[in-house]
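The sequence and structure come first.

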Amino acid sequence: MKNAIPLLVAALLSGACTVSYAGGYSGYHPYGLEPIPGSITYGGQPRTKLKKAPVGSIVPHQFNDRFGRRVYETYVIEPDRSLRLVDRRYRDFFPFDD
């Protein structure tokens, strides 16, 4: 019982975090995560090809979504020079947050 109280407190405190995770592969899109408005690949692949970057390179991207949350995405360059969205994280918007 003595061990249960700290675990309960830790669970409650970790639930108050402002960063959420939406990474990995989802069943909605055949190539991983489904792009959302603001994503580099939303509406299709970009017109410019990344010719100098090595295959497998990681491309970070960040933007604000329509709810004001900060979105951090990670892409990987495929052998055909297209981008594959592999990770997405959110940070909720708080006006007094630094």
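The chain averages a pLDDT (the predictor's confidence in each residue, from 0 to 100) of 75, and 61% of the residues score at least 70. Over residues 11–28 the pLDDT is below 50, yet this stretch has 27 contacts in the model beyond near neighbours in sequence, a contact being heavy atoms within 4.5 Å. The model is predicted, so local features need pLDDT of at least 70 and side-chain atom pairs pLDDT 80 or more, while totals for chains, interfaces and linings use all residues. Residues are numbered from 1 along each chain as its sequence is written, and side-chain values use heavy atoms, without hydrogens or water.

One helix and four strands make up the elements, in the order α-β-β-β-β from the N terminus. Helices (H or I, at least four residues) and strands (E, at least two) are DSSP runs, numbered from the N terminus.

| Strand | Residues |
|---|---|
| β2 | 58–64 |
| β3 | 70–77 |

They pair in the antiparallel sense over seven bridges. Asn64 stands opposite Arg70 in β3. Five residues lie between the strands of this hairpin, where Gly68 takes a positive phi near 85°.

Of the 98 residues, 21% count as buried, that is, under 20% relative accessible area with a 1.4 Å probe, protein chains only. Among contacts between residues at least 6 apart in sequence, 45% join residues at least 24 apart.

Key
Two strands pair if DSSP finds at least two bridges between them. Buried means under 20% relative accessible area, exposed over 50%, partly exposed in between (1.4 Å probe, protein chains only).
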